Amino acid sequence: MTAYLMSIGIVVLIYALLTLGLNLQFGLTRLVNFGIVAFFAIGAYTSGLLSLKGVPLPLSFLAAMIVAALAALPIGLLSLRLREDYLAIVTLGFSEAIRITIQQEEWLTNGVQGLPGLPKAFASLGGNSDLALFVTLVLVTALTAWGTLRLTRSPLGRLLRAIGDDETALMALGKDPARFKVQIFMLGAALAGLGGAFYAHFITFITPEQFIPLVTFYVWMSLIMGGAGTVRGAIGGTALLMIFLEGSRFAKDLIPGVSEVHMASVRLAVVGLALILFTLYRPQGMFGKRQA
Amino acid sequence: MTEFLNLLINGLIEGLVVALPALAMTLVMGVNRFPNAATGDFMTAGAYATIGLQLAGVPSLILAALIGALAIAATSAASYFLIFRKLARQPMVASLLAAIGLGFLIRSLISLFAGHDQRTFQLPLVRAWNFNGVRILPTDLAIAGTALACLAVVFILLYKTSFGRQLRAVADSADLARASGIRARGLLVSLWLLVGALSSIGGVLLGMKAVVMPDLGWEHLIPAFAAMVLGGIGSPVGAVVGAVLLCVAQELSVPLLGASYKLVLAFGVLAVALLIRPAGLFGRIELVR
């Protein structure tokens with residue numbers, strides 16, 4: 001039971017990292033990233049492949065963040081020229097392009113077979129490895145949340161919110177929002193890459209099938225449910241998401257005759273309904289401030 | 001050479017089919033100003049509705065497809081009335097997220113009731129005509145003909161009727177259109193009826209070319225969007241030209257890259273088009289930035 005709760009906790013915290021990354025991109029700067037799972041996948045595969053080559057995990061985690069951030073650079077630069085909804089579809093297309101490339105380039109990624117037998121994080125601690133991973137994730141998430149709060153309240157944070165509010169007025173004041181937008185986009189991607197590295201070395205077996213767009217929209221559902229633009233919204237929303245995802249597993253076990261395939265459809269339906277209902281009736285989320 | 005011709009013909013036919021959702025998206029984009037990400041799932045719903053009607057005993061595929069198109073048109077108009085109309089004053093991200101949500105909801109209902117098995121339409125089996133190695137399937141000709149007929153109907157509606165004139169006026173400037181006495185509400189419901197029917201028929205035609213499964217339309221969302229951008233957002237002619245160009249390019253790339261990379265190519269075309277010419281071939285730049 002403790003082991004089960006621990007593994008839920010680890011997954012919650014990985015999703016919290018992704019949601020905090022999206023909160024930077026969308027909550028603060030209104031960059032609509034529909035390709036979160038691409039950076040998550042890039043982080044997971046970067047760290048996974050490096051670790052299989054014998055690179056120590058701290059270095060491979062760092063590499064995961066750097067490669068994910070670099071992959072975000074061209075998309076971030078492209079975003080400067082686009083209206084927000086175009087960026088959305090471009091990033092969605094990017095994430096599918098990445099998934100297909102991972103599936104096809106077998107020489108690098110082992111294709112649909114995936115990468116089995118990745119080194120477990122803190123494997124040297126034996127039975128306590130999950131606990132150590134959990135504590136590390138708590139620290140990393142807390143640090144990220146704290147950093148986000150600091151950023152929000154700094155002059156840069158005010159600038160970022162101004163980018164979200166009214167970019168033209170900001171440029172009229174002589175500020176250049178472009179550089180900050182790209183930096184924030186890369187930072188959010190680096191967080192997703194870090195989440196991917198944690199994920200890869202927690203479950204130790206990654207396949208392209210795990211990196212479908214649904215993951216992106218789980219993260220969006222978290223942020224929208226919690227309330228975009230605030231750290232407590234991002235964290236609270238992730239908790240709600242996990243209650244729902246884990247709850248649906250229990251529901252499947254409790255209700256006879258319901259298969260996993262049915263439950264996958266139900267989960268998709270709930271994500272869809274949540275996105276519709278929250279944008280319609282509660283755009284500020286459960287924990288967010290009412291925005292004008 | 002014959003291989004090239006075969007790929008070219010296949011690309012042309014697929015392009016005419018993808019033109020239908022691309023046109024549906026560009027019409028919504030021009031008027032409601034958001035990319036309707038549920039377009040793909042309207043297509044899937046159309047294909048499944050038609051298969052369901054065939055299984056229920058509707059004798060002709062054409063009749064089943066027409067009833068299906070009516071049902072999806074009604075669904076589409078209802079979704080406008082219940083969701084997107086209310087989000088019109090919100091930032092467009094709200095409409096886009098709701099459209100993604102609607103697409104998920106439609107797909108989940110399909111997979112819940114019809115399962116994930118691949119399905120096919122009940123079609124008469126026909127032999128391909130062979131002209132010195134250039135193969136043409138009569139079914140493909142029927143698909144291309146139907147797509148062309150649908151496009152013709154939409155263009156007549158857009159450019160020869162008062163509905164189309166009013167719609168284009170609203171697309172140009174909603175305020176000016178209102179000032180000159182155009183009632184937007186009824187017009188927009190008609191628009192969403194039209195794009196629902198268009199997507200539905202597009203879905204049936206796609207399903208006739210390949211197989212029907214719950215991801216059928218979703219997998220064509222990025223190509224349809226790329227076609228729309230390539231042609232120029234809000235431009236109906238552009239959507240059709242963009243779809244044909246994109247699909248021909250996709251087919252011709254198959255010998256070099258393999259069929260799996262078609263979607264990646266569509267993404268590449270999308271990114272390059274946005275980078276070099278965001279207004280597309282026939283579009284206006286202010287809609288993009």
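Residues are numbered from 1 along each chain as its sequence is written, while chains are lettered from A and ligands numbered from 1 in the order in which they are written. Because the model is predicted, local features need pLDDT of at least 70 and side-chain atom pairs count only at pLDDT 80 or more, whereas totals for chains, interfaces and linings use all residues.

**View 1. Chain A has 12 helices and 0 strands.** Helices (H or I, at least four residues) and strands (E, at least two) are DSSP runs, numbered from the N terminus. The order from the N terminus is α-α-α-α-α-α-α-α-α-α-α-α. Taken along the principal axes, the C-alpha atoms fill a box of roughly 55 × 45 × 35 Å. The radius of gyration of chain A is 19 Å, which agrees with the value near 19 Å for a compact globule of 292 residues. That radius is taken over C-alpha atoms, and the globule rule is 2.2 Å times the number of residues to the power 0.38. Of the 292 residues, 49% are buried. A residue is buried if 20 or more other C-beta atoms lie within 10 Å of its own, exposed if 12 or fewer, and partly exposed in between, with C-beta atoms placed from the backbone. Among contacts between residues at least 6 apart in sequence, 78% join residues at least 24 apart. Contact means that the C-beta atoms of two residues, placed from the backbone, lie within 7 Å.

**View 2. Chain B has 11 helices and 2 strands.** Its elements run α-α-α-α-β-β-α-α-α-α-α-α-α from the N terminus. The C-alpha atoms of chain B fill a box of roughly 60 × 45 × 35 Å along the principal axes. Chain B has a radius of gyration of 19 Å, in agreement with the value near 19 Å for a compact globule of 289 residues. Buried residues make up 53% of the 289. Of the contacts in chain B with a separation of 6 or more, 75% are between residues 24 or more positions apart.

**View 3. Chain A meets chain B through 35 residues of chain A and 37 of chain B.** On the chain A side, the elements that give two or more residues are helix 4 (84–104), helix 10 (213–226) and helix 12 (260–281). Helix 4 of chain A gives the largest share, 14 residues. By class, the chain A side has 23 nonpolar, 7 polar and 5 charged residues. Here Ala, Val, Leu, Ile, Met, Phe, Trp, Tyr, Cys and Pro count as nonpolar, Asp, Glu, Lys and Arg as charged, and the others, Gly among them, as polar.

**View 4. Helix 1 (residues 2–28) of chain A packs on helix 11 (residues 231–254) of chain A.** The angle is about 135°, and the axes are 9 Å apart. That makes the two helices oblique. Angles under 35 degrees count as roughly parallel, over 145 as roughly antiparallel, 65 to 115 as roughly perpendicular and the rest as oblique. Axes are lines fitted to C-alpha atoms, for helices over the stretch in contact, and angles run from 0 to 180 degrees between N-to-C directions. The crossing of helix 1 and helix 11 of chain A is right-handed. A crossing is left-handed if the near helix is turned anticlockwise from the far one by less than a right angle, and right-handed if clockwise. Helix 1 residues in this contact include Ile8(A), Val12(A), Tyr15(A) and Asn23(A). Those of helix 11 include Ala234(A), Gly237(A), Met242(A) and Glu246(A). By class, the contact has 11 nonpolar, 4 polar and 1 charged residues.

**View 5. Helix 1 of chain A also crosses helix 6 (residues 129–153) of chain A.** Their axes come within 9 Å and cross at roughly 20°. Helix 1 and helix 6 of chain A are therefore roughly parallel. Their crossing is left-handed. The contact has 16 nonpolar, 7 polar and 1 charged residues by class.

**View 6. Arg30(A) and Thr204(A) have positive phi values.** Phi is near 65° at Arg30(A), in the loop between helix 1 and helix 2 (36–52) of chain A. Arg30(A) is buried, with 20 other C-beta atoms within 10 Å. Phi is near 60° at Thr204(A), in the loop between helix 9 (177–203) and helix 10 of chain A. Thr204(A) is partly exposed, with 17 C-beta neighbours inside 10 Å.

**View 7. Ala243(B) is in helix 10 (residues 236–257) of chain B.** Ala243(B) counts as buried, with 29 C-beta neighbours inside 10 Å. Leaving aside neighbours within four places in sequence, Ala243(B) is in contact with Gly15(B), Val18(B), Ala19(B), Ala22(B) and Ala227(B). Leu193(B) is 50 residues from Ala243(B) in sequence and 22 Å away, C-alpha to C-alpha.
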